[in-house]
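I set down here, in order, what I looked up in this structure.

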Amino acid sequence: MIGRLRIACWMLRCGAGFAVCLALASHASAQNPLHVRIDQLIESDNRVPAAPVASDAEFLRRVSLDLIGMPPSAEDLRAFLADASPEKRVVAIDRLLASPQFVRHLTTTLDVMLMERRRNQHIKQEDWYPWLYESVKANKPWNQLAREILAADGVDPAMRPAVRFYLDRESEPNLLTRDTGRIFFGVDMQCAQCHNHPLIDDYLQADYFGLYAFFSGGFAFTAPDKQIYYAERASGEVTFASVFEKDSQDATAPKLLGMPELAEPHFYPGDEYSVAPSDTVRPIPKFSRRSTLAELATNGSHRQFNENIANRLWAHLLGRGLVHPLDLHHPANPPSHPELLKLLGEEFARMNFDMRSFLREIALSQTYQRAYDLPAGLIEQSNAAGATLQELQTQLAALKEQAQQSEAACDAAVAEWNAAREALKPVQKELADARAKSAEIHKKFAAAEKAVADAQAQLTAQQAIAASLTETSAKAAETVQKLPQDAELAQAAQVFVKKLEEIKTQIASLEKNVADKQAALQAPTAELNASRAPIDEILARRQPLADVVLAKQQAVVAARQKMLDDRTAATRIGQRVESLTLFTSLAPQQQSLAASQGAIAQRETELAAAAKAIEDYAPVVTEKQAALQLADAELTKANEALQALKAEETRRAKLIETVAQAETQTRAALEQLKDDADLTAAADKLKQKNELLQTDLTEYRKTVTAGETTATAAAQKREAASSDVSAAQTEMTNRTNVRTTAEQAVAAAHAQAAADQQTLDKTISDLAVRWEGQFGTSPLKPLTAEQLAWSVMQVTGVYERYLNISRAELDKNEPLSDEARNDPAQLTAREWKVEQLTYQKLLGSVGAFVRTYGSGEANPPGEFFATVDQALFAGNAGTVNSWVAPATKNVTERMISEADLNAAANDLYLTLLNRLPTAAESAAVVAYLQSRPEEKSACAQELAWALLNTAEFRFNH
Amino acid sequence: MKLNYNCGTREHLLARRSFLGGMAAGAVVGGLGLFSSPLAAAELAKQQKRVVVFNMHGGLSQLESWDPKPGTDTGGPTRAIATSVPGIHVAELLPHTARQMHHLCLVRGVNTNEGDHGKGIYMMLTGRKQTPAASFPEIGAVMAKALTPADASLPGHVRITPGGSGGRGNDSAYLGPKYASIALGNGNPPENTNRPEKLSETADKQRNDFRRFADTSFLERRRTAMTDAFTYSYEQAEQLMRQRDIFDVSKEPESEQQRYGTHDLGRHCLLARRLLESGITFVQVSHSNYDTHNENFNFHLEQMQEFDYAFATFVSDLADRGMLDSTLIVVLSEFGRTPRINHYYGRDHWGNAWSVALGGCGVQRGAAFGQTNANGTKVDDGEVNHAMLFHTYLSAVGLNSSHNFDIGGREIPMADPAFGPIKEVLA
């Protein structure tokens, strides 16, 4: 631990001398176990915070799924959680690695990787899979397994399944080139078949055909007994031309990636085979390209081969490769950690390609054991990342410059190589001509040779007849001696003697024929030898030139590797820069968010103030309105009073008029009754009365005027009150407008905060994807079809049930002796057998999952997809629904018989999701079980079904 | 220096977006993926285009169908009859179809130069030659990907198979299983669309509610595109089950069923109509078997009789319902049959001069393009191949067939970039 800390400190101090620092670190830690070095390289290289270590429960589920292809049983999980030992993770890893299920899961993984679910053609899955299984069980080193596959011809019955890789790809050289490149070297060069890869600088047509040349002579040979083998014809250089460039004809000998062309031994024309081709015989060339491929790739020194498998085994546990996709290794898609990939390739080779030990080291690493959450304290660390970013940017510029230089160096090396090839060409031409001549002569020679062989065969046949006749004849003579009287016998003996004589004559003739034919062979033999002498001479002259070409090509290979490494370094640091840029944007984004959240409070305060101003002013408005109402009432009252006064005034005026009319009429009557006293008195009285009334009216009019004054005053007062109200209302409107504005400001602030939140979330989610790729946090890994099948069977108790059935079956059919029962080795062997039998019994069920969740035949595995037919299968097919039914102590049966519903909830979650439920989850389970108390079994099954169909179950995390 | 070229294999698309930035812009063929622009998708959604393919399994004889040669050494006993389009004649075995000719467009100059069943159908359904180390999606997967709205609850690629139990096909190559066909075995609804007997609708809903609830705590910790796709597949399944009747042809009125014929092909054609009406993008119907090495004429007499009536009814129904403007009809085979009649009165495999019939959306109506010679032994005029036909199908439904699919940052041409559509056939 202290050592690691010290190294980490070094790293910090080293600063810009990053590469140097790495070199020092790897030197300093050379003695550390691989898993420690993995963590060192990841940590020093990531320059971003890492997720914490996963909890025990998460760890055990993950490591079980990865190593044995299914989650732990609830029992195992409980024991693991209860174990206080600090070494318990190591112990768990070792226990899993030693189990039969580990071999099963790794075998299946390799099977899918190598054969991609191709259907049976020449070699059956039923033969291939057990061979692979036994290989994994014996912990056969990967390079040996690969060598057996790459060199396979199907002849040795014990190794015959290995030829499936070739035969079930129809022995088609282009398909084999693509798939060998992808599966064994991590490069998919398909597009380089017709031209240099249009989008990937490093995938060249010459590389494609260099690999192709190993397979160009390969073909499926059907022997007379109908058995099919992968056979090989001797073949020359492969020529190719880009479909886009006329006159681009080029040629290559077999060539492995990262190596110069193969210097094949020279054979004279006609001398290439130890068994020459014919319709009935499988040819065997003296030099097998495929054996050479198998040897060169797997001898431990081929970098791409080593790194490919290291990357694939890494992906087997981590869910994604250091290079990802696994078959697109090139500088524009660099490994996330090139130094680590290099280390893993080298170390795996040093471990003698021991897959089990290698997987163990990966599983022990902290990198593997991280949680799938994002690291805590991101924002704080984001602030600090700016300095690192600057440092990397400086580094990036230097690396780009370096990559350009090495590209120029590579171009120069290629030019030199091409010049050397040009110099070789005339000699090559001479050689080709001499060989063509010799080949012609060889035809004659072969005919003569065949004549000798034919003659010899005839002779041998006759000699055999002669031998058996001699024997028969002697026997017959013997019999005749014993039965001298028997004429028939004597006659028969005579026939034999005669026949023998005849045959002897024929033999003499045939012997002469042989001698003749042998003599006739002399001349062609001499001619053939003569034709070979110039070849030897040219070969001798060619050698120094070829040596130069080879040396130049080696220089090209080295320069190209340097260029690739430099480009890789530049791209990778470029990606780190992107990642860090994103990371450093986190703090400002968080600040913007905080600011916009702060603004919300501010705006809300303003809104509250505006609301208060409205509230405060409301009484004023009310008051003014009340005053107006009052003034209104007063005005009404004054007007009514005035009207009454005016009515009275009118009435009085009318009365005066009536009295005046009466006086006028009385005076008119007086004209006719002159001086009538009564009339005169009446008229005078009327006049008096009128004057009296006039006086009253005048007096009354003062009252009316007073009423008018009152009314006017009231009107004025109302007018004033009304304008008061208007003013108050205007003020209120103003204040309401202020509030509306404040409300809008609050909404805008919320929107801004939401937008900022979204930006931040997006950054975090992008960072999660990037860090997953950098192994700073554990990636979510969808279960493979097989993993899903076995996992569902495991948690529903189906697997356990079938283990028991198989065990009982074996105990019945092949009972163990008492001695065996006490022998741990035999007991272990029995458990392996139990697993085998269980596997056979459940294979059909796995098939249903593979059809539904697996990528189709001959499609690269690994792409995740979620389709509606999967959900329909999970929901409605009998498979899953019947497995959740209660049966022999499986989780649903236990839940039904458990009286304590909280305990039932715990059991459910621990069994299916390998963790305890949260309080809310527990409550929900209890509520579900109580919702239909009379249907507890149905409820338990529905709950189990629901958990089986969560993302939490579907993914390994 | 990189060239702007393409040989049309999936590996060409290896450029991932993330590192495209660092490369010459010219390296990306055709720019962004098909529906990077939501506008394009919206435009198509306005009138969603649909496609139906009739696969005349085994190899329909062009001489007994679209391109008869009566009275010649190769014509056999088959006579020609007039159609609803003056000047276009078809074999007498297609009397009802002849009356629908004004909706159809014959392509009579097909030369695929391929006489192998497997290779032939691969070319016709994918528009590419089969090569050992590359695989391409079938027309149904391409149409489903290009034409089906992202949130569609029904599958976009449906195959009505003569038999079998259903399931998902392996026919979508790099487009992924999402666009693989869902098979309707002998016209039955998709597999697993019935709730288990013992499970009530309410209980199913409850368990699904609990499933959603149970996922929340996990998804709060980590939610990714994969988890989204996974949870969405369950929503889709629920929607599909609600719409299960769409796949049940027995829900059609009895009179309709009688009209199409009660034999398998009749039921399948009616089902195809029902599916297209329900908005399913692509439906493939198979009619088996036309591989008539023996007794070519008798077999075609029987087979064509079934096909003619059901197909003609289908075409006229689509026309009546106004669906022809949005539905492309394709009648294809893996190849045609030899003009030469062998001594078993059969015709053998022949890909050098044969016919494909189109109709509906985006193609000329009542037309015949291309011509074979007098006795049908070679194409005289308007020679086309599988790749050009494939481009034509895409163009007919309004797609730019020179565009690329964008598969996880990999650019893949939708159709063989060495060819283009048959302009004369397009409306």
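Predicted model: local features only at pLDDT ≥ 70, side-chain atom pairs only at ≥ 80, totals over all residues.

Entry 1, confidence. Residues are numbered from 1 along each chain as its sequence is written, and chains are lettered from A and ligands numbered from 1 in the order in which they are written. Two residues are in contact if their C-beta atoms, placed from the backbone, lie within 7 Å.

I looked up which residues of helix α13 (residues 289-298) of chain A are buried, and read Arg289(A), Arg290(A), Leu293(A), Ala294(A), Ala297(A) and Thr298(A). They lie on the same side of α13(A), because they cover an arc of only 145 degrees around the axis, the arc being that of the directions from the helix axis to the C-beta atoms. A residue is buried if 20 or more other C-beta atoms lie within 10 Å of its own, again with C-beta atoms placed from the backbone. Helices (H or I, at least four residues) and strands (E, at least two) are DSSP runs, numbered from the N terminus. Among the elements that the buried residues of α13(A) pack against, I noted α9 (142-150), α11 (173-185) and α14 (303-318) of chain A. Gly300(A), with a positive phi near 95 degrees, follows α13(A).

I counted 11 helices and 17 strands in chain B, and buried residues make up 54% of its 427 residues. In strand β4 (residues 104-110) of chain B, seven of seven residues are buried. β4(B) pairs (at least two DSSP bridges) with strand β12 (residues 354-360) of chain B in the antiparallel sense over five bridges. There, Val110(B) stands opposite Trp354(B). Three bridges join β4(B) to strand β13 (residues 367-369) of chain B, and these two run parallel; Leu106(B) has Ala368(B) as its bridge partner in β13(B).

I found 54 residues of chain B in contact with 55 residues of chain A. On the side of chain B that touches chain A, α6(B) gives the most, with 12 residues.

Key
Buried ≥ 20, exposed ≤ 12 C-beta atoms within 10 Å, placed from the backbone.
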